[in-house]
Amino acid sequence: MEILVDTHSHTIASGHAYATINEMIQSAKQKGLKLLCITDHAPKMPGGPDNVYFRNFKVIDKVVDGVEIFMGVELNILDFDGNVDLTNDVLSKLDGVIASFHTICIKPGTIEENTRAFLNVMDNPYVQIIGHPEDGKVPIDFEAVVKKAKETNTLIELNNSSLKPTSSRVNTRENAIKLLEVCKKEEAFITIGSDAHFTTSVGTHDFALNLIEEVKFPYELIINTDVEKFKEFMGRKRKNI
Ligand SMILES: [Zn+2]
Ligand SMILES: [Zn+2]
C-alpha cells in the first residue's frame with residue numbers, strides 16, 4: 001500500500017509555511033507522489049492570503065514535472081453554524097477544499113457545539129475533506145461526524161502532522177484511533193494528508209501509516225492510494241450541485 005496523493009500541504013502563502021509551490025512540487029516528485037494538493041490557509045488565518053490569491057489559480061499548470069497539481073484551500077470554520085471564509089463562488093473554482101477548526105480563528109465550544117460546526121460545514125457542497133478532526137482541543141462526537149461524512153461524501157482526514165510528537169494538537173493519537181475505529185465500522189473513506197508546512201514533510205505519512213497498521217484499518221477505505229479513485233471521490237459531492 002502506497003500513498004500516491006498528498007491531499008494537504010501549505011506554501012509560503014499561508015504565512016507560517018516556508019516553501020514555494022514549486023519547491024513543494026519538486027519534493028513531491030522526489031517522494032514519488034503522482035498528485036499534490038496545495039491547500040493554503042484561507043483569509044481568516046493570521047498571515048494568510050487574501051481571497052484574490054484563490055481566484056487566480058488558472059495561471060498554474062495542471063501538471064508540473066509529471067506531478068498533477070490540485071490547487072485548493074484549507075478553510076477556517078468560523079462559527080458553529082459551519083460558515084467558512086471563502087464564498088461558494090470562489091470555492092467552485094478550486095480543485096480541493098478542506099475545512100478545519102483552527103483555535104486561532106474560533107474558540108472551541110462544547111462537544112455539542114463543535115460537532116454542530118463540523119456537521120454543518122459538511123452540508124457545504126464544496127467541502128470535500130474534514131481536516132484534522134482528531135485534535136483534542138476541539139472535542140467532537142466522532143460517531144456523528146463520521147456518519148455525516150459518509151452520508152455527504154466527505155472525506156475524514158488522518159493528519160500525519162497531528163501525530164508528530166512536536167504537534168500542538170492534543171490527544172491526537174488516542175483520538176485518531178477512535179476515529180479510525182468509527183470509520184472502519186461505518187465504512188467511511190479517509191484520506192491521509194501530510195499537512196506539510198515545509199518541503200521535507202511533503203508525502204511523509206509515516207505516523208499515519210503506522211497507526212493504520214496498528215488498528216488494522218482496511219486499505220480499501222484509504223482514498224489516496226489511487227489517483228483515479230481519489231479524483232472520482234472528490235467529484236462526488238459536486239455532481240449534485
Ligand atoms: Zn489546519
Ligand atoms: Zn493545514
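Asn171 counts as partly exposed, because 14 C-beta neighbours lie inside 10 Å, and a residue is called partly exposed when its count falls between the cut-offs of 12 or fewer for exposed and 20 or more for buried. Keep in mind that this is a predicted model. Where does Asn171 lie? It is in the loop between strand 7, residues 155-159, and helix 5, residues 172-186. Its phi is positive, about 50 degrees, although Asn171 is not a glycine.

Next is Lys216. This residue also has a positive phi, near 50 degrees, and it is a residue other than glycine. You will find Lys216 in the loop between helix 6 (206-214) and helix 7 (227-236). Is Lys216 buried or exposed? It is exposed, because there are 9 other C-beta atoms within 10 Å, and the exposed class takes 12 or fewer.

Last, Gln128. Its loop runs between helix 3 (111-122) and strand 6 (129-130). Gln128 is buried, because 28 other C-beta atoms lie within 10 Å, and 20 or more is enough for that label. Which residues does Gln128 touch, not counting residues up to four places away in sequence? The contacts are Gly96, Val97, Thr154, Leu155, Met234 and Lys237.

To recap the labels: Asn171 is partly exposed, Lys216 is exposed, and Gln128 is buried.

Conventions: Residues numbered from 1 in each chain as written. Chains lettered and ligands numbered in written order. Predicted model: local features only at pLDDT ≥ 70, side-chain atom pairs only at ≥ 80, totals over all residues. Helix = DSSP H or I, 4+ residues; strand = E, 2+ residues; numbered from the N terminus. Contact = placed C-beta atoms within 7 Å.
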